[in-house]
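Here is a friendly walk through a protein chain, meant to be read with the model open beside you.

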Amino acid sequence: PKAVTLTIKCYDFVTFPYVPAIDCAAFCNILQDLINSEQQYIRELELIIKVFRPPFVELFPGSKVSSMT
């Protein structure tokens with residue numbers, strides 16, 4: 001897997017009238033947790049594809065699955 005480095009900068013959200021005033025550090029933590037969970041989801045999805053792709057290729061040799069990498 002590729003290593004991803006993210007830098008999250010906090011901005012002043014008070015200037016937007018539709019966004020309530022929130023703690024910037026808390027927002028950044030929530031955002032980082034979301035990004036981490038998305039990355040974990042992608043890793044798990046890639047593992048599922050790696051495990052289950054060969055049986056599908058054997059069952060359906062002429063399908064799109066066999067031509068996907």
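## Helix and surface

In this predicted model, helix α1 has 36 residues, which at 1.5 Å a residue should span 52 Å; the C-alpha atoms at its ends lie 52 Å apart, so the expectation and the model agree. The helix covers residues 24-59. Along the way, α1 bends by about 40° at F52, and the proline P54 follows within four residues. The protein chain holds 2 helices and 0 strands.

How much of the chain is buried? Of its 69 residues, buried ones make up 3%. The accessible surface comes to about 6300 Å², and carbon and sulfur atoms account for 66% of that area.

Part of this surface is a nonpolar patch formed by L47, I48, V51, F52, F56, L59 and F60, with about 720 Å² of accessible area together.

Now for the rings. The count of aromatic pairs comes to 1. The ring centres of F56 and F60 are 6.3 Å apart and their planes meet at 20°, so this pair is stacked, the cut-off for stacking being under 30 degrees.

| Residue | Relative accessible area | Class |
|---|---|---|
| F56 | 42% | partly exposed |
| F60 | 45% | partly exposed |

Conventions:
Residues numbered from 1 in each chain as written. Predicted model: local features only at pLDDT ≥ 70, side-chain atom pairs only at ≥ 80, totals over all residues. Heavy atoms only, no water. Buried < 20%, exposed > 50% of the residue type's maximum accessible area, 1.4 Å probe, protein only. Areas by Shrake-Rupley, 256 points an atom, 1.4 Å probe, with all protein chains shown as cover. Patch = residues over 30% accessible without salt bridge, like charges linked within 9 Å, V, L, I, M, F, W, Y side chains within 5 Å. Salt bridge = Lys/Arg side-chain N within 4 Å of Asp/Glu carboxyl O. Expected span 1.5 Å × (residues − 1). Bend = angle between axes of the 7 residues up to and from the residue. Phe/Tyr/Trp six-rings, centres within 6.5 Å; stacked < 30°, edge-to-face > 60°.
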